[in-house]
Amino acid sequence: MSFEEEISKGNFLIPECTNCKKLVWPPAEYCDNCMGKTMLKEGNFQGKIIEFSKQNEDYFCIVEIENSFRIMAKMTTAPHIDQIVKISKCGINEGSYFFEVN
């Protein structure tokens, strides 16, 4: 099972090094810290909004996931800095990952 296969099904799993336990982002088969093999980790991952902007009716947020890495995610309700969120939807659209949080 690969990250791309899982995210294309709407499942957000994070590669974690089997050796040093580092979360690896961007997703890769090998750890950028110790070169150990990674496995996809399931979980109820939380993130914190670092910054955001509004375009039309949507908000676009920089979200720090598990105090480890950052993603850009869409949000339909007004966010605030340091708000704790979870990924509600994810996938691949035109070859790029997309994320929505709430």
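Buried means under 20% relative accessible area, exposed means over 50%, and partly exposed lies in between (1.4 Å probe, protein chains only). By that scale Lys-22 is partly exposed, with a relative accessible area of 30%. The model is predicted: local features need pLDDT of at least 70, side-chain atom pairs count only at pLDDT 80 or more, and totals for chains, interfaces and linings use all residues. Residues are numbered from 1 along each chain as its sequence is written, and side-chain values use heavy atoms, leaving out hydrogens and water.

**Salt bridges**

- A salt bridge is a side-chain nitrogen of Lys or Arg within 4 Å of a carboxyl oxygen of Asp or Glu.
- The count by this rule is six salt bridges. Three of them follow, each with its partners.

**Lys-41 and Glu-16**

- Lys-41 pairs with Glu-16 in a salt bridge, with the closest N and O atoms 3.6 Å apart.
- This pair links distant parts of the chain: Lys-41 sits in strand 2 (residues 38-41) and Glu-16 in strand 1 (residues 14-17), 25 residues apart.
- Strands (E, at least two residues) and helices (H or I, at least four) are DSSP runs, numbered from the N terminus.
- Lys-41 is partly exposed at 33% relative accessible area. Glu-16 is buried at 19%.

**Asp-32 and Lys-22**

- Asp-32 forms a salt bridge with Lys-22, and their closest N and O atoms are 2.9 Å apart.
- Both residues lie in the loop between strand 1 and strand 2, 10 residues apart, and the pair links distant parts of the chain.
- Asp-32 counts as exposed, with 54% relative accessibility.

**Lys-37 and Glu-29**

- The side chains of Lys-37 and Glu-29 also meet in a salt bridge, at 3.6 Å from N to O.
- Lys-37 is partly exposed, with a relative accessible area of 41%. Glu-29 is exposed, at 52%.

**Thr-38**

- Thr-38 lies in strand 2. Its relative accessible area is 13%, so Thr-38 is buried.
- The side chain of Thr-38 reaches the backbone oxygen of Ala-28 at 2.7 Å.
- Contact means heavy atoms within 4.5 Å. Leaving aside residues up to four places away in sequence, Thr-38 touches Pro-15, Glu-16, Cys-17, Thr-18, Val-24, Ala-28, Glu-29, Tyr-30 and Cys-31.

Terms used. Polar contact = N/O pair within 3.5 Å; in protein donor to acceptor, adjacent residues only side chain to side chain.
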